[in-house]
Amino acid sequence: MLKLPPDFIFSQASLQDFLTCPRRFYLRYVRHLVWPSAGGGEAFEWEWRLSLAQDFHHLAHQKALGLPDQLLEPLVQKRSAELFQWWRQLREFWQAEQEATLGGRRYPELTLTAPLGKIRLLAKYDLLIAHPDGQWSIIDWKTAQQRPSTRALHSLVQSRLYPYLLVRAGASLNAGKAVEPEQVSMVYWFANHPDNPETILYSQAQFQADEDFLLRLTEEILGRREADFEQTSDERACAYCPYRTYCERAFVPPSSYEVEENAELLELSLPQDWEQIGEIEY
Ligand code: SF4
């Protein structure tokens, strides 16, 4: 049986890591192994893109807190042309949707947790909106260059865990009243594809399916012995993984992926998500 610290909390990042590569989960969350990235031109490019994604999330947070655009804009302009372009898209989205998707009580960078079986789950939301009609929107900012397919997005652990935890733990934000699954939707907004967001509607049936899925998945992780966390057989998952040299895996650039669902999922599970939502400590 696996031994995790008693205060270990499962997040979408750790669960997605396990599904992508059990070894990566083991090295990062059980061994807490710090390993330098392999370096090289592609890795530097990736790190630069990662820092832009972090800056964008920080910017969106500040905007949601109500900081005036005039204060934020000069700082963005200085940073990079790409970040400035994302910022302009965000501003337009905000303007167009302030009474609809973004209309209501806003909770930026909010964390919810709840127990499930023997473990505890955590979600850190980019932005939660409580609409005046009782509906809830989970907004998630994505900065990937390619717009992932609907199917790939639905397959993400994030798409299951985030609505699930809002239903399980949202009463604290809702005057003590439970949030019903049918009141919840999740919106992925893409800085590089601002006119093509993805909205996922939640339901009681999906809530039940997600609870079963999360329970099974976490029980499987806890039931493994340390030697059972195998390396993924799909070496595309190793691109930019900090353990690539440790695992003696060659670099396979994501641009060489064929466009199919597994490849999209692998790209979405690359390290950008580890850092940008601040879950690394879990
Ligand atoms: S380098 Fe590849 S095999 Fe090793 S932990 Fe990372 S994803 Fe898994």
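Which residues have the most contacts inside the largest nonpolar core? Select Phe56, Ile138, Leu161, Tyr162, Leu165, Leu166 and Val184, which hold that position in a core of 56 residues. A nonpolar core here is a set of buried Ala, Val, Leu, Ile, Met, Phe, Trp, Tyr and Cys residues joined through C-beta atoms within 7 Å. The greatest contribution to this core comes from helix 7 (residues 157–169), with 7 residues.

**Before going further**

The model is predicted: local features need pLDDT of at least 70 and side-chain atom pairs count only at pLDDT 80 or more, while totals for chains, interfaces and linings use all residues. Residue numbers start from 1 along each chain as its sequence is written.

**The whole chain**

Display the protein chain as a cartoon; 10 helices and 5 strands are present. Both are DSSP runs numbered from the N terminus, helices being H or I with at least four residues and strands being E with at least two. Of the 282 residues, 35% count as buried. Buried denotes 20 or more other C-beta atoms within 10 Å of the residue's own, exposed denotes 12 or fewer, and partly exposed lies in between, with C-beta atoms placed from the backbone. Among contacts in the protein chain with a separation of 6 or more, 69% join residues 24 or more positions apart. Two residues are in contact if their C-beta atoms, placed from the backbone, lie within 7 Å.

**Inside the core**

Centre the view on Ile138. Leaving aside neighbours within four places in sequence, Ile138 is in contact with Tyr125, Leu128, Tyr162, Pro163, Leu166, Val184, Met186 and Val187.

Tyr162 counts as buried because it has 24 C-beta neighbours inside 10 Å. With neighbours within four places in sequence again left aside, the contacts of Tyr162 are Ala123, Tyr125, Ile138 and Met186. Select Leu112 as well: Tyr162 and Leu112 are 50 residues apart in sequence, and their C-alpha atoms are 9.0 Å apart in space.

**Strand 3 and Asp140**

Asp140 is located in strand 3 (residues 136–142). Is this residue buried or exposed? Asp140 is buried, with 21 C-beta neighbours inside 10 Å. Not counting residues up to four places away in sequence, Asp140 touches Asp126, Met186 and Tyr188. A C-alpha to C-alpha distance of 6.7 Å separates Asp140 from Leu127, 13 residues away in sequence.

**Helix 1**

Select residues 12–20, which form helix 1; 8 of its 9 residues are buried. The buried residues are Gln12, Ala13, Ser14, Leu15, Gln16, Asp17, Phe18 and Thr20.

**Helices 4 and 5**

Show helix 4 (residues 69–79) together with helix 5 (residues 81–97). Their axes come within 8 Å and cross at roughly 150 degrees. Axes are lines fitted to C-alpha atoms, for helices over the stretch in contact, and angles run from 0 to 180 degrees between N-to-C directions. Helix 4 and helix 5 are therefore roughly antiparallel to each other, a term for angles over 145 degrees. At this contact, Asp69, Val76, Gln77 and Arg79 in helix 4 meet Leu83, Phe84, Trp87 and Arg91 in helix 5. The contact residues divide into 4 nonpolar, 1 polar and 3 charged. In this classification Ala, Val, Leu, Ile, Met, Phe, Trp, Tyr, Cys and Pro count as nonpolar, Asp, Glu, Lys and Arg as charged, and the others, Gly among them, as polar.

Go to Glu109 in strand 1 (residues 105–116). Glu109 has a positive phi of about 50 degrees although it is not a glycine. Glu109 is partly exposed, with 17 other C-beta atoms within 10 Å.

Arg120 lies in strand 2 (residues 119–130). Arg120 is also partly exposed, with 15 other C-beta atoms within 10 Å. Beyond neighbours within four places in sequence, Arg120 is in contact with Ile9, Thr113 and Pro115. The C-alpha atoms of Arg120 and Asp7 are separated by 8.5 Å, although these residues are 113 residues apart along the chain.

Select the ligand and its surroundings: 13 residues surround it, the closest being Cys21, Gln231, Cys238, Cys241 and Cys247. A residue is counted as near if its C-beta atom, placed from the backbone, lies within 6 Å. This shell divides into 7 nonpolar, 2 polar and 4 charged residues.

Finish at Glu248, in the loop between helix 8 (204–223) and helix 9 (261–268). Glu248 counts as exposed, with 9 C-beta neighbours inside 10 Å. Its phi is near 55 degrees, a positive value in a residue other than glycine.

Definitions and conventions. Parallel < 35°, antiparallel > 145°, perpendicular 65-115°, else oblique.
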